[in-house]
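Here are a few exercises to work through with the model open beside you. Try each task before reading its solution.

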Amino acid sequence: MVEAQTWTTRRMSNPRLDSTASADHEVLDIPVTPTADVRNSIYNVGSHLSPNLLTALIIASWFMSNIGVLILNKYLLSFYGYRYPIFLTMLHMISCACYSYAAINFLEIVPRQHILSRKQFLKIFALSVIFCFSVVCGNTSLRYIPVSFNQAIGATTPFFTAIFAFLITCKKESGEVYFALLPVVFGIVLASNSEPLFNLFGFLVCIGSTAGRALKSVVQGILLTSEAEKLHSMNLLLYMAPMAAMILLPFTLYIEGNVARITLEKARSDSFIVFLLLGNATVAYLVNLANFLVTKHTSALTLQVLGNAKAALAAFVSVMIFRNPVTVMGMTGFAVTVMGVVLYSEAKKRSKLQLTTH
């Protein structure tokens, strides 16, 4: 161990030193020089995993969390008999609020940002309302339609995004972009007509969820435009989640009754419900964390591509687990929709590239 050293500076050897200092010497402490073992342990942190392996693990975690929350929601709402999608969504929001607070304030995964004005608060509150609507509709649809059909409908998000962008901001896309949306719509029409377990109410609320998700992305781009008001995705979740939970509370009490008492009584007779609800709420937060990590270690474009692959994989996994019937025409419609989304993404990239070159 190298002992701590001191560096004594003589008075008057530097004219900037005050001769009226209380001590005869100014003593500067030099930290202990780390040993070779300590230095190596510091520099080797994170070097045990190669960047490619780390990225692969993050992407695998992203797939597991995104598909896991769908499977758990479907099992709880359709097979286990827990028919309270609004209360379940409120638990998701409470979980996201708690985990986000811990992740930002204690783990410091991102710097903490604060709401700076009442105007910014109202903007985030408006996003929370849309967020609530989208998530509740998505969870409710899982009571009535299979995960595979749910994901096929969810793949039409770009179609609704283009519509809302035009209606709200008058933003026009190129003809190629709009043309690419045709197979998106055609595919979902094909899948709907051949879905063995088609349910009109489930279909409509899933359409509402998809439209709400698209509306939120457009409105967010409008409301949080200034650099001062822009929030990191994890900070935005930190503020939106508790707002969403408070918005959902009166709705779950009015529509679903005394669901808290029912849940507690259920937990006394079957403790497995506690594990299901806590696990489901935790995975709901991990979805948001995985989205952030994938974007950080790859790009937003990679996240978009993974979203297309996730829809197909989630449909396959759900069919394997729940054994819901599928038809060749339904699978074809799903494939056409996903292909349309890919074409749409490529057309958007080319359109942006042309705008930057002109």
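Helices here are DSSP runs of H or I with at least four residues, and strands are runs of E with at least two. Keep in mind that this is a predicted model.

**Exercise 1. Find out how much helix and strand there is in the annotated stretch 177-194.**

Step 1: Turn to the record. The unreviewed UniProt entry annotates "transmembrane region" over several stretches, including 177-194 and 328-345.
Step 2: Residues 177-194 are 94% helix and 0% strand, with 27 Å between the end C-alpha atoms.
Step 3: For comparison, residues 328-345 come to 100% helix and 0% strand, and their end C-alpha atoms lie 26 Å apart.

**Exercise 2. Decide which parts of the model call for caution, using pLDDT.**

Step 1: The mean pLDDT of the protein chain is 85, and 86% of its residues reach 70 or more.
Step 2: Residues 1-34 have pLDDT below 50; beyond near neighbours in sequence, this stretch makes 28 contacts in the model.
Step 3: Residues 38-47 are also below 50, with one contact beyond near neighbours in sequence.
Step 4: Where pLDDT is low, the predicted coordinates should not be read in detail.

**Exercise 3. Describe the largest nonpolar core and the elements that build it.**

Step 1: This core has 57 residues, and those touching the most other members are Leu76, Tyr82, Ile124, Met234, Leu248 and Tyr285.
Step 2: Two or more residues come from each of α2 (51-79), α3 (85-105), α4 (118-141), α9 (233-256), α11 (272-297) and α12 (300-322).
Step 3: The biggest contribution, twelve residues, is from α9.
Step 4: Another core lies apart from this one; it has eleven residues, among them Phe149, Phe203, Ala311 and Ala315.
Step 5: Now zoom in on Tyr82. Leaving aside neighbours within four places in sequence, Tyr82 contacts Leu76, Leu77, Phe87, Val259, Thr263, Ile273 and Leu277.

**Exercise 4. Classify the ring pairs Trp62 and Phe63, and Phe159 and Phe160, then say whether each ring residue is buried or partly exposed.**

Step 1: A pair of aromatic rings is described by the distance of the centres and the angle of the planes.
Step 2: The structure contains 13 aromatic pairs. In one of them, Trp62 and Phe63 sit 5.1 Å centre to centre with 85 degrees between the planes, which makes the pair edge-to-face, as the cut-off is over 60 degrees.
Step 3: Trp62 is buried because its relative accessible area is 3%, and Phe63 is buried because its value is 17%; the cut-off is under 20%.
Step 4: Phe159 and Phe160 are edge-to-face too, at 5.3 Å and 80 degrees.
Step 5: Phe159 has a relative accessible area of 26%, so Phe159 is partly exposed. Phe160, at 14%, counts as buried.
Step 6: Beyond pairs, look for the aromatic cluster formed by Tyr75, Tyr80, Phe272 and Phe275.

**Exercise 5. Work out whether Cys96 is in a disulfide or in none.**

Step 1: A disulfide is a covalent bond between the sulfur atoms of two cysteines.
Step 2: Searching the whole structure gives zero disulfides.
Step 3: For Cys96, the nearest cysteine sulfur belongs to Cys98, 9.5 Å away, whereas the cut-off is within 2.5 Å. Cys96 is in no disulfide.
Step 4: Cys96 is also buried, because its relative accessible area is 4%.

Terms used. Residues numbered from 1 in each chain as written. Predicted model: local features only at pLDDT ≥ 70, side-chain atom pairs only at ≥ 80, totals over all residues. Heavy atoms only, no water. Phe/Tyr/Trp six-rings, centres within 6.5 Å; stacked < 30°, edge-to-face > 60°. Buried < 20%, exposed > 50% of the residue type's maximum accessible area, 1.4 Å probe, protein only. Core = buried A, V, L, I, M, F, W, Y, C linked by side-chain atoms within 4.5 Å. Contact = heavy atoms within 4.5 Å. UniProt positions renumbered as here; feature names shortened; annotations may be inferred. pLDDT = per-residue confidence, 0-100.
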